[in-house]
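Colleague: Before I rely on the terms used for this model, I would like to go through them with you one at a time. Please set each value against the cut-off that it has to meet.

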Amino acid sequence: MMQTSMLIDEAIEALESQIDDTAIIACSGGIDSSVAAVLAHRAVGSLLHCVYVDTGFMRMGESEEVAEMFAEMGIDLKVVDASEKFFSNLEGVTDPEAKRKVIGEQFIRVFEEEQALCGAKYLVQGTIAPDWIESGGGERDVIKSHHNVGGLPEDVDLIIVEPLREFYKDEVRQIARELKIKSSERQPFPGPGLAVRVLGDLTRSRVESCRIACDIVERHFQEAAAAGICDLPWQYFAALLPVRSVGVHGDARVHGETVVVRAVTSLDGMSARYSPIPHDVLTKVSTEITNTLKGEVNRVVYDITNKPPGTIEWE
Ligand code: XMP
């Protein structure tokens with residue numbers, strides 16, 4: 001613990017010396033941005049403006065939970081509903097890298113508007129080591145342009161401050177626990193949100209289907225873990241695939257899409273093994289997904305790929 005508190009003190013000191021004017025941070029409610037926000041808030045107090053951007057790609061009930069969490073920590077959080085902008089700019093964009101670029105760019109545009117309002121000179125980001133390593137920061141090929149890294153336009157007019165740049169996920173989790181951040185036990189969630197879990201067209205209705213499927217996976221896996229049926233995986237979710245197959249509802253033939261359930265164990269997200277989820281749990285998940293999304297989804301599959309060669313997310 002001593003070591004974690006020293007890391008915290010050092011990070012706060014560094015932020016104090018880096019930030020001498022108004023700063024802005026995008027708070028998603030996830031561990032990385034929440035830790036960065038709390039550290040920066042401790043370092044510079046009201047110089048920090050925390051903004052939550054509702055992209056339209058958040059999980060079920062997430063926006064409300066994040067607002068509540070910040071209110072409880074006594075940190076002001078401005079909620080901006082930018083979903084219309086995100087959906088319209090992503091119309092017809094299906095290439096995973098192109099999606100990430102558009103999302104990163106839209107984020108920055110939203111911030112520029114917020115920056116103009118609060119006059120921020122600095123942009124604090126919760127980028128952690130795997131984000132920039134996998135975005136080509138090291139010697140390796142680009143695997144994915146992680147949100148907050150590869151998605152940044154070159155003409156950004158803010159000084160970027162990244163207090164967690166050298167940390168891995170497990171270290172950030174430890175810091176979050178020490179700082180008593182409520183989301184410290186939450187599973188990781190990608191910056192671009194459900195946008196990278198909806199393969200193909202990003203329509204509001206397809207994103208909603210993915211949101212519902214993710215919620216079902218989360219509920220059943222958490223229930224099973226609480227009942228001691230299996231361990232709670234490191235990360236577990238659903239993705240919607242633009243793969244149509246023939247199915248049947250009553251007497252009717254349906255041509256619906258496919259949901260893939262993904263659950264992995266991992267230490268830091270750099271490598272992962274698929275979780276051996278008991279069949280009973282998977283059956284419940286499959287039944288609820290196909291019942292709830294009747295007509296839209298008629299097939300549920302389980303991903304048994306490790307990382308490598310697969311990545312954790314599908315895009
Ligand atoms: P992959 O899919 O690359 O994911 O194996 C590794 C871990 O990173 C999360 N992830 C992201 N996190 N911005 C983030 O902050 C992103 O753009 C992003 N893409 C993936 C993923 O959920 C997993 O935990």
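Colleague: Which residues have the most contacts inside the largest nonpolar core, and how many residues does that core have?

Modeller: Bearing in mind that this is a predicted model, the largest nonpolar core has 53 residues, and those with the most contacts inside it are Val-53, Phe-57, Phe-86, Val-217, Phe-221 and Ile-289. Two or more residues come from each of strand E2 (48-54), helix H4 (83-89), helix H5 (96-118), helix H8 (204-226), strand E6 (235-249), strand E7 (252-266) and helix H9 (279-292), with H8 giving the largest share, nine residues.

Colleague: From which domains does this core draw at least three residues each?

Modeller: The core takes at least three residues from each of domain 1 (2-187) and domain 2 (197-302). A second, separate core of 37 residues includes Leu-15, Ala-37, Ile-128 and Val-172.

Colleague: What makes Val-217 count as buried?

Modeller: Buried means under 20% relative accessible area, and Val-217 has a relative accessibility of 0%, so this residue counts as buried. Val-217 is found in helix H8 and, with residues up to four places away in sequence not counted, touches Tyr-236, Phe-237, Ala-238, Val-261, Val-285 and Ile-289.

Colleague: How many disulfides does the structure hold, and where is the cysteine sulfur nearest to Cys-118?

Modeller: The structure holds zero disulfides; Cys-118 is in none, and the nearest cysteine sulfur, that of Cys-50, is 10 Å away.

Colleague: How do you know that the buried residues of helix H7 line one face of the helix?

Modeller: The buried residues of H7 (residues 169-178) are Lys-169, Val-172, Arg-173, Ile-175 and Ala-176. Seen down the axis of H7, these residues fall within an arc of 160°, so they line one face of the helix. In general, an α-helix has 3.6 residues a turn, so residues three or four places apart point the same way. Just after H7, Lys-180 takes a positive phi of about 60°.

Colleague: What area is buried between domain 1 and domain 2, and what percentage of it do carbon and sulfur atoms give?

Modeller: About 1,700 Å² is buried between domain 1 and domain 2, with carbon and sulfur atoms giving 56% of that area. On the side of domain 1, Met-60, Phe-87 and Gln-187 supply 37% of the area buried against domain 2, which is more than any other three residues supply. In terms of contacts, 22 residues of domain 1 meet 18 residues of domain 2, while the C-alpha centres of the two domains lie 27 Å apart.

Notes. Residues are numbered from 1 along each chain as its sequence is written. This is a predicted model: local features need pLDDT of at least 70, side-chain atom pairs count only at pLDDT 80 or more; totals for chains, interfaces and linings use all residues. Side-chain values use heavy atoms; hydrogens and water are left out. A nonpolar core is a set of buried Ala, Val, Leu, Ile, Met, Phe, Trp, Tyr and Cys residues joined through side-chain atoms within 4.5 Å. Buried means under 20% relative accessible area, exposed over 50%, partly exposed in between (1.4 Å probe, protein chains only). Helices (H or I, at least four residues) and strands (E, at least two) are DSSP runs, numbered from the N terminus. Domain bounds come from an automatic or database domain assignment. Contact means heavy atoms within 4.5 Å. A disulfide is a pair of cysteine sulfur atoms within 2.5 Å. The arc is that of the directions from the helix axis to the C-beta atoms. Buried area is the accessible area (1.4 Å probe) that two parts lose on being put together, summed over both.
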